[in-house]
Amino acid sequence: MLYTYIPLTVLLLPLAASAVQIFAGRRLPRGGDWVSTGAILAGFALSLPLLAGLLAKGDPHFRHEASVQWIAFGDVTVTMGILVDNLTAFMLTLVTGIAACVHFFSVYYMKGDKNYHRYFGYLSFFCFSMLGIVIADNFLMIFMFWELVGFSSYALIGFWFEREAAAEAQKKAFVVNRIGDLGFLVGLMIVFSRTGDFRLTMVFEAASAGAFEGQFLPGISILTALGIAFFLGAMGKSAQFPLHVWLPDAMEGPTPVSSLIHAATMVAAGVFFTARIFPLLTPGALLFVTLVGALTAFMAATIALVQRDIKRVLAYSTVSQLGYMMLGMGCGGYTAGLTHLFTHAFFKCLLFLCAGSVIHALGTQDLFRMGGLRKKMPITFATMLLGTLAITGVPLFSGFVSKDAILTEALARYLENPGSLRLLIFTAGMLTAVLTAFYMFRLLFLAFFGKPRERTLYDHAHEAPPVATVPLAVLALFTLGFFWSGTVDIPLPGHGLRVPVVFIPEGWLGNLLSPPALDAFSGGLHGPETPAAVLPHGEGGVGDAHEAAHGIVSTLSLLSTALGFLAAWLCYVKGALPTMVLRKRLHPAVLFLENLWYVERLYQRVFVEGLHRLSAAVFRFDGRIIDGAVNGLAGRSDSLSRFIGVFDNTVIDRAVNLAGEASQNFGHRLSRLQSGKIQNYIFLGLLALCCYVLIGVM
Amino acid sequence: MIGLESYLLIGTALFCFGMFGILTRRNAISILLGFELIMNAAGLNFAAFAHFSDKTIHGQVFTLFIIALAAAESVVILALIIAVYQKMRTIHVDEMDSLKG
Amino acid sequence: MNEAVFLFLALVTVTSGWCVVSLKNIIHSAFALLVSFFGVAGLLALLGADFLAATQVLIYIGGVMILLLFAIMLSEKVTNEDLFIRAKALPALLVLGALQLILIKVVLDAPWNERPGPAAAMEPTTEILGRLLLNEYVLPFEVISTLLLAALIGAVVLIRKEVRRRRRPGER
């Protein structure tokens, strides 16, 4: 009972708040920010007990569903419903909690904006849409809320739509998302045509009963195609290569928006969805997922190296980390990927909010105009430092736990099936870790250390008020590693040292989030084409490969983080490695990175200009051929009319005149009979009489 | 043998001559002369019928009437000719074509 | 004897009749008409219509003929021209020739309802005609008298109007 109504309430509260804000927000005192914030806080307050209850239950396969019929036509019914399991509860709490922090921060950041009320309306609407994705129990409903989330993102990116850049960015985001959604739609179609039902559990059961048998292309089964199709949607939403181009441009929106939507929640929807459809992913699909993730992670990290804008660095960082999550999930690391999702949500949101604090204080986003803010904005600095430590994977922090898990899975898969592809994936992951450390510390050093580069800006800088710093602190709390793993992991050569923390159960997250495929749906779901084939021994700490990998990974990740930190420190603090010289030396590489791997250029050239040229060609065609046809037709009908006119004048008029003249002539001749002379008349009468008689006689 | 036919033949001859005169003559009074011939022919016919049929005398009554009629008619025709002459200044009938269509 | 008289009278009548329509001089044709009237009177007498013959002479010759001769004489000035329309003669001749032939055929072929036996005796007809006129034929008799009156008045009216108009040119 409660499992139905709590999620429902949590879902609908922000919707109500959004409606109030949009329609009546202007008239409310303080622009109504308390309406939205209150709603999301209430949502958080309701989600916590739900999560606590599930934690207490400790059942990894808990599942509660409730649905109502929505549309029924013929023998097809579409339902709307709620699915509550451990993952749902986590996501609910995560989304409402982080959204609450962002709401508070926005009160500070958006102060004085003339559309204050509208901002909160959109923000609440976004929360509603995201929560909809989280609690939905069928694909169609997920898709609906998927689109709503896309719309909310569009509205919030282009919040300051008077700026050209913002308007362009919002369009780009929506369109690129849409391309991914095409894949989602294909997936929907496959699901519906094979099973006739959209509900997740039903689809999984149907899959295990063999509903998706058959080959799509030689070597690719229908089920693989389905997985890839759905993953395409996730790629759009989570900004994976090649659909990543919208996320950096989305930084045109207000920074709290960037932190909530484009760091913590919306982009995570793709990862969340991948987790939801995990039972359907075949080894082929999983390979695709991990390859895409690896490529994205590496690519984005390289681009982040050369960015000047603080938000851009963080944006590419987000893309990279999302790639990490996909990498993890594609290697069968269901729990690892989700853990990284949660940890990343907290520290990325934190990083963005700190950036927002800095931007609001200084009025610039350019890193090379900042410097030495450590003393002026201590709280911001402290929390940002914690966030940076988390993202770079320093031990004892959250990022280390989740990254460690992902890389362990990657290496374990390689060790089980050695192959150059798997090795490449793992190497990409490690390299990305090095680069992540480098660019994040670069950011920190450039902004907070050294001498201020622009004195005027520096003088005006100030720390944020409590309404902003408290959320920062709250978020920073969750960057601490022990919170997630329940243990304090000290990596030492060998197996490391593991000290359990008293009040947090060890590995609680991993216990609650196990992939649903292996246990819930038995039957035909064990074959070469099933996800189970990827994890022959199940996930998590079982099997030698896993243990061996863990040790290697811990050491290597420590080394990579240290390497990155060192490089950044040398470049930007000590000045021992002059960056200008490096830039000159590696000029072609730098150019390649600064031009974003030329991906955007390519898109612009091929799609945008191509479309323009096509439009121009079609326009010319229309002008020449269609207009020509129309004009020709007009000309022809003109000459036809003229011909008809002439014809009418000559032939018809002549005929008419002829008739007239004929009757005139006839009448004329006939009238000569009437001579006026009586003798003639009498004569004619006699003649007629004779004729009658003669005819009568004959 | 003198019979009805003989008298009738005389009548037809007189009729045709009178008709010829009406059709051919130019002077209106000449037409009147032709007209009188025709009347005579008709009267003669009636008298012949009277003589040669059962009802002896009755045909002669008709002849009487014809004589009276012819007299009256000739008077009227002459008056008409005078009137026409006063209007058209001619009594040549081939010049009287004002009703020409 | 009867036949000879009849033949003579018939010849006179027909010949003079032809002369009426063919002579150029109008006075000649008027006199030819006079002769024709006499001929008809004689034929009427042969038919036993004594009163009619007398009436014929009296009215036709004594009245109509005189009138016509007066008219001709008085119009002498205008009539000294060609009386004959040549163009009309041939067609008229043809048509009337045809008509004549038709009539002859009709007369000869028609089954006349003749009285069987000899012709009627010649007896004076005056009294009988008088009785008939006032008994059986009284209506036509009265009508004829009215007609004569109308003709008289009409003729006068026809002429008087024109004269009146001409006599007063000064009037509006």
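Here are some notes on this predicted model, chain by chain and contact by contact.

1. Ground rules. Residues are numbered from 1 along each chain as its sequence is written, while chains are lettered from A and ligands numbered from 1 in the order in which they are written. As this is a predicted model, local features need pLDDT of at least 70 and side-chain atom pairs count only at pLDDT 80 or more, but totals for chains, interfaces and linings use all residues.

2. Confidence. The predictor puts the complex at an ipTM of 0.91 and a pTM of 0.64. Chain C has a mean pLDDT of 85, with 84% of its residues at 70 or more; pLDDT is the predictor's confidence in each residue, from 0 to 100. Within chain C, helix 2 of chain C scores highest with a mean of 94, and helix 6 of chain C lowest with 84.

3. Chain B. You'll find 3 helices and 0 strands here (DSSP runs numbered from the N terminus: H or I of at least four residues for helices, E of at least two for strands). Of the 101 residues in chain B, 57% are buried, meaning that 20 or more other C-beta atoms, placed from the backbone, lie within 10 Å of the residue's own.

4. Chain C. This chain has 6 helices and 0 strands, and buried residues account for 23% of its 172 residues. Looking at contacts in chain C between residues at least 6 apart in sequence, 55% join residues at least 24 apart (a contact has C-beta atoms, placed from the backbone, within 7 Å).

5. Where C meets B. Chain C puts 72 residues into this contact and chain B puts in 59. On the chain C side, helix 3 of chain C gives the largest share, 11 residues. By class, that side has 51 nonpolar, 15 polar and 6 charged residues. Nonpolar covers Ala, Val, Leu, Ile, Met, Phe, Trp, Tyr, Cys and Pro; charged covers Asp, Glu, Lys and Arg; the others, Gly among them, are polar.

6. A helix pair in chain A. The axes of helix 13 (residues 310-330) of chain A and helix 17 (residues 420-448) of chain A come within 11 Å and cross at roughly 155 degrees. Axes are lines fitted to C-alpha atoms over the stretch in contact, with angles from 0 to 180 degrees between N-to-C directions. The two helices are therefore roughly antiparallel (over 145 degrees). Residues making the contact include Ser317(A) and Tyr324(A) of helix 13 of chain A, and Gly429(A) and Tyr439(A) of helix 17 of chain A. By class, the contact has 9 nonpolar, 5 polar and no charged residues.

Note on methods: Contact = placed C-beta atoms within 7 Å. Buried ≥ 20, exposed ≤ 12 C-beta atoms within 10 Å, placed from the backbone. Parallel < 35°, antiparallel > 145°, perpendicular 65-115°, else oblique.
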